[in-house]
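Visitor: Could you walk me through this protein, please? I'm new to reading structures.

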Amino acid sequence: MQHSNALNRLDRLPVSRFHKVTLLAVAFAYFFEFADINSFATTAPKLIKLWGLTVDQVAYVTSLSFVGMFIGAIVAGSMADRWGRKRALIWTTLFFGVSSFAAVFSWDLVSLGVFRVLTSAGLSAMTVVGVVYVNEMYPSAIRGKYQAYAIAIGICGTPVTNLIASAVVPLNDWSWRLVYLWGSLGVLLVLFSGRLKESPRWLESRGEHAAADAVLTEIETAVAAEKGPLPEPAPPVAETPSAKAPLRLLLQKKYLLPTLLLSVLWMTQTIGFFGYSSWAPTLLAKEGFSVEKSVFYVALTTVGAPLGCYLASLVTDRFERKWCLVAFGTVIAVCGLLYGLTFDPVLIIVFGFLVNLFERGYTALAYAYSPELFDTRARSLGTSVSYGLGRLSNAAGPLIVAALYTGHGYRSVFYFIAGTWLVGAVTLAAFGARTRAARLSDAESQRVRVPA
């Protein structure tokens, strides 16, 4: 067999139990990614009291965590291209879970910092693989919606973890460790390993057409047994086999421009969001709110996160993703600025809720938008490099926030964050590619008669 026609065979499948199980597995990994990603932010106010940490020390640990995210993202691209999307998803999730478990036994700031860097590398790696996996396993007409669904379920890990942290962190001098123990439960993804399928599009891109056909046949048989006869797929479109995409591939014009654009997207998203989420509990505590109240207020604001993903699921496949991202980014900038200009607890919760709602919607849109700018050959590499550069940029973000707070006060931090979001929105508006027409074209090509 010279071509397994993976894209078109997957594209014409109706939503079935196979898609739902895959969604549940990816959402489970996302849940503990979001559960773990702000663990240090929720425990930092307590550690400032217990270990005598300064804002600058908190900034250094947070900064190094983003260096870990960069390394994890780059490594994930290579892993996913070399060993497959499924195995890379499981391995990266196991890695961040084990690293988070190790953080339970931290004895000082240095040890905790090392474990957080390792955890962050695993979190970032898992995210890159998860985004690519969903992009390749779902029909083009609904992949954005299901990417948003996965994140909508997964993002519940943030408010759940923050509420858990608000309850357990104040209990005694060691209970903060339970936050990291909770985050380590992502290792249970191994329970799904037997139900996940390797990406046929990845197998096909390597020239392994027989293996790709075997996976596709297994999926089609299960779907047909549940849903009935399947439509005939559209004719195949050949893709050049490539065992491994070299980094220099992204220097080609067709890949360089989307890589640069997505790097700006992820840089502004990373600095803008983590500048807010990683610092909100600590800065509120520094401004006179108790540790318990600061963590609790932030926990309440994160309830908006799952709703933001649901909002993204409603618009992602209906409208042009580029313009949805521009609109969401602008709203985040305004709400984030208003958050920083008030000290009224009700308004802090309201504007924080809106920031979380639109930011998580923005992230869901960006996860769907990013891999669409590349073909199968460059998808994992381009997504990982741009995402990794975005995370690396925030190695400087915490240091900038700490310097602004120390030198110019609380509100200057939120002027900086709002400006960052606006830069991203303007860049996308000016240079972002439109992808809706291509998605509609792919969907239209699958509207053929079911064989008798």
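Guide: We can go from the overall fold to the core and then the surface. This is a predicted model, in which local features need pLDDT of at least 70 and side-chain atom pairs count only at pLDDT 80 or more, while totals for chains, interfaces and linings use all residues. Residues are numbered from 1 along each chain as its sequence is written, and side-chain values use heavy atoms, with hydrogens and water left out.

Visitor: Okay, how many helices and strands are there in the protein?

Guide: The protein has 21 helices and zero strands, taken as DSSP runs (helices H or I, at least four residues; strands E, at least two) numbered from the N terminus.

Visitor: And which residues touch the most other members of the largest nonpolar core?

Guide: In that core of 102 residues, they are Tyr30 and Leu265, and helix 2 (residues 17-37) gives the most to the core, with 12 residues. A nonpolar core here is a set of buried Ala, Val, Leu, Ile, Met, Phe, Trp, Tyr and Cys residues joined through side-chain atoms within 4.5 Å, where buried means under 20% relative accessible area, exposed over 50%, and partly exposed in between (1.4 Å probe, protein chains only).

Visitor: What does Tyr30 touch?

Guide: Leaving out residues up to four places away in sequence, its contacts (heavy atoms within 4.5 Å) include Met126, Gln147 and Tyr367.

Visitor: Switching topic: is Trp174 buried or exposed?

Guide: Trp174 counts as exposed because its relative accessible area is 51%, and this residue is found in the loop between helix 8 (157-168) and helix 9 (177-183).
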